[in-house]
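Please consult it alongside the sequence and the structure.

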Amino acid sequence: MKNKWKVGFFVLLGVVLIGSAIIVSMIFMPIKDDTLPKNNENPNQEVGFNVNTNKKDLNLIIEHYIEEEGIKGPVDYNVQLKDDVELKGSVPVFTSNIDFKLDFEPKALENGDILLKQKSISVGSLDLPVPYVMKVMRDSYNFPDWVKIQPNDELIYVSLQEMELKSDIKVRANEFNLKDDNISFRLLVPVDRAQ
């Protein structure tokens, strides 16, 4: 009877040590960033329209787009525009999920894309490295191809140039100031001038 308890103890100890080693190796494993798009100069003729909006309306559009395109994946996440861009969801850890919230400071780039720089993070009561959380988030969710997550740089690159919309319309960010609720885009509609 004593040998069974001894063997059971060592088996349990082995499982705990192996599990701990796997978690530590995952945390310290090198993380590869997504490649960022190159600026594409479009040779087609386009007509541009400026569109101004606010956080409330843009939140509705983002929510609709995520649901319509089916890009949530196996675990739900949501994006909310407040004074910063908030990304909330959960990270799978063994048999349970741990809630997280990442805040990003947005910036409209000259090429019309948006850069989201990580500002703060909360992951349950754990103190996990930001690159690890962003890598798990990138690997766990079905983000569209035009959203590039850079765990090492702690940023998300939103390539509006690569976003595919109906009728080949392109979108460029002019201004993305959430604190002042000043958000504007330029819609580029392709036209055929050979008539």
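Of the 195 residues of the chain, 35% count as buried, where buried means under 20% relative accessible area, exposed over 50% and partly exposed in between, with a 1.4 Å probe and protein chains only. The model is predicted, so local features need pLDDT of at least 70 and side-chain atom pairs count only at pLDDT 80 or more, whereas totals for chains, interfaces and linings use all residues. Residues are numbered from 1 along each chain as its sequence is written, and side-chain values use heavy atoms, with hydrogens and water left out.

**Overall architecture**

- The chain contains three helices and nine strands; helices (H or I, at least four residues) and strands (E, at least two) are DSSP runs, numbered from the N terminus.
- Along the sequence, these elements follow the pattern α-β-α-β-β-β-β-α-β-β-β-β.
- Among the contacts in the chain with a separation of 6 or more, 53% are between residues 24 or more positions apart; a contact means heavy atoms within 4.5 Å.
- The chain exposes about 12,700 Å², of which carbon and sulfur atoms supply 54%; accessible areas come from the Shrake-Rupley method with a 1.4 Å probe, and for residues only the protein chains shown count as cover.

**Helix α3**

- Helix α3 (residues 130-140) is largely enclosed by the rest of the structure, because nine of its eleven residues are buried.
- The buried residues of α3 include the charged residues K135 and R138, as well as V130, Y132, V133 and M134.

**Negative patch on the surface**

- D57, E175, D180 and D181 gather in a surface patch of negative charge.
- Such patches are made of residues with over 30% relative accessible area and no salt bridge, like charges being joined within 9 Å and nonpolar side chains (Val, Leu, Ile, Met, Phe, Trp, Tyr) within 5 Å.
- A salt bridge is a side-chain nitrogen of Lys or Arg within 4 Å of a carboxyl oxygen of Asp or Glu.
- Lys and Arg count as positive and Asp and Glu as negative, while His and the chain ends are not counted; the place of a charge is NZ of Lys, CZ of Arg, CG of Asp or CD of Glu.
- D180 lies in the loop between β8 (170-177) and β9 (182-190) and is exposed, with a relative accessible area of 59%.

**Positive phi in loops**

- D181, in the loop between β8 and β9, has a positive phi of about 55 degrees although it is not a glycine.
- D181 counts as partly exposed, at 33% relative accessibility.
- E154, in the loop between β6 (147-150) and β7 (155-158), is a residue other than glycine with a positive phi near 55 degrees.
- E154 is partly exposed, with a relative accessible area of 25%.
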